[in-house]
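User: I have a model open and I want to learn how to read it. Can you take me through it step by step?

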Amino acid sequence: MKDMLQKAQQEHYAVMAINCFNLETMRSVIQAAESMHSPIIINILQDHLLRHGDPEIFAWLAAHLAKDARVDVALNLDHGRDAGLLKAALDAGFTSVMADFSAMVLEDNIQATKEIVNYAHEKGATVEAELGGIGDAAGHQTDDDMKTDPNLAARFARETSIDCLAVSYGSSHGTYPDGFIPPFDIQRLKAIHAATDLPLVLHGGSGSGQKNIEDSVANGVCKINVGCDFMDGSRDGLAAVLKQNPDINYFELISKTQSAGQDVIRQYIGWAGSEGKAA
């Protein structure tokens, strides 16, 4: 993932990271990326990994899908908060992990992140970490106290040797109320970018809106995480097929509903500017 994001940083675009949890979602995401000739990151959320499989299963699936893919594919453990699980994912073959110790005080976050960085870098893998806090779109959305401090970000990047940094400047995880687009603090993002010179990561990309996405990419964001919009699009596609044919065979149902989620991914790839950027 480090190579992907360094190329994105040099050429001023972002790579989409889409939350997946099984074979169908992983394959669907890769196919959408192939249709746009875009690099892609498969995100496996820690909670999804624990509920739907284990690191070995996901790493095996991703490796076999990526082997035949016509674009670059990375596999990332998203919001890994357990050091043992982060190391297990790296041992299994995940190409990157997000070491999310952002709930800790700064010094503890630095120390816990450094441990994962040392372990990952020995394996040639990438580490993303987070500084600041990201709220809940349907509940307590991100406020100013939760946003990333540029000065602390510089220290954090320097002392941990991370490869990319997830920052908070207005987005929240989850699905926003209808019609709501979060206000992004782009000036803060500019300051973080100047202070760290790292590829930056936008979490909670779903529902952020085209302008926020494009402004973020223009100011240092090289990776954009989207989960809810992909899942919601896939769900809506399933509902439409069931409404048209409620007696459809389950296999056909799953096959026919992938296109709706892929449309969402293609839209974000366009906004992120990564179309045609696959090696």
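Analyst: We will go through the strands, then the helices, then a ring pair. Keep in mind that this is a predicted model.

User: How do strands pair in a sheet?

Analyst: Strands of a sheet pair through backbone hydrogen bonds, and the pairing is either parallel or antiparallel.

User: How many bridges join β7 to β9?

Analyst: Three bridges join them. Strand β7 covers residues 164-167, strand β9 covers residues 200-202, and the two run parallel. Look for L165: L200 in β9 stands opposite.

User: Next, helix pairs. What is the angle between α5 and α6?

Analyst: Read the angle together with the distance between the axes. Helix α5 (residues 83-92) and helix α6 (residues 106-122) pack at about 10 degrees, with axes 10 Å apart. Angles under 35 degrees count as roughly parallel, so α5 and α6 are roughly parallel to each other. Their crossing is right-handed.

User: Which residues of α5 and α6 meet?

Analyst: From α5 come A83, L86, K87, L90 and D91. From α6 come E115, I116, Y119 and A120. Sort that contact by class and you get six nonpolar, no polar and three charged residues.

User: At what angle do α2 and α4 pack?

Analyst: Helix α2 (residues 23-36) and helix α4 (residues 55-67) pack at about 30 degrees, and their axes are 11 Å apart. That angle therefore makes α2 and α4 roughly parallel to each other. The crossing of α2 and α4 is right-handed. On the α2 side, L23, M26, R27 and I30 make the contact. On the α4 side, look for F58, L61, A62, L65 and A66. The contact of α2 with α4 has eight nonpolar residues, no polar ones and one charged.

User: How do the axes of α2 and α12 cross?

Analyst: They come within 9 Å and cross at roughly 45 degrees. That angle makes α2 oblique to α12. This crossing of α2 and α12 is right-handed. Residues of α2 in the contact include E24, R27, S28 and V29. Among those of α12 are Q258, Q262, I265 and R266. By class, the contact of α2 with α12 divides into six nonpolar, six polar and three charged residues.

User: Last feature. How many aromatic pairs does the structure hold?

Analyst: The structure holds three. Take the pair of Y169 and F184, whose ring centres are 5.0 Å apart. Their planes stand at 75 degrees, so the pair is edge-to-face. For that label, the planes have to be over 60 degrees apart.

User: Where do Y169 and F184 sit?

Analyst: Y169 is in the loop between β7 and β8, and F184 is in the loop between β8 and α8. They are 15 residues apart, and the pair links distant parts of the chain.

Definitions and conventions: Residues numbered from 1 in each chain as written. Predicted model: local features only at pLDDT ≥ 70, side-chain atom pairs only at ≥ 80, totals over all residues. Heavy atoms only, no water. Axes fitted to C-alpha atoms, helices over the stretch in contact; angles between N-to-C directions. Helix = DSSP H or I, 4+ residues; strand = E, 2+ residues; numbered from the N terminus. Parallel < 35°, antiparallel > 145°, perpendicular 65-115°, else oblique. Left-handed = near helix turned anticlockwise from the far one by under 90°. Contact = heavy atoms within 4.5 Å. Nonpolar A, V, L, I, M, F, W, Y, C, P; charged D, E, K, R; others polar. Pairing = 2+ DSSP bridges. Phe/Tyr/Trp six-rings, centres within 6.5 Å; stacked < 30°, edge-to-face > 60°.
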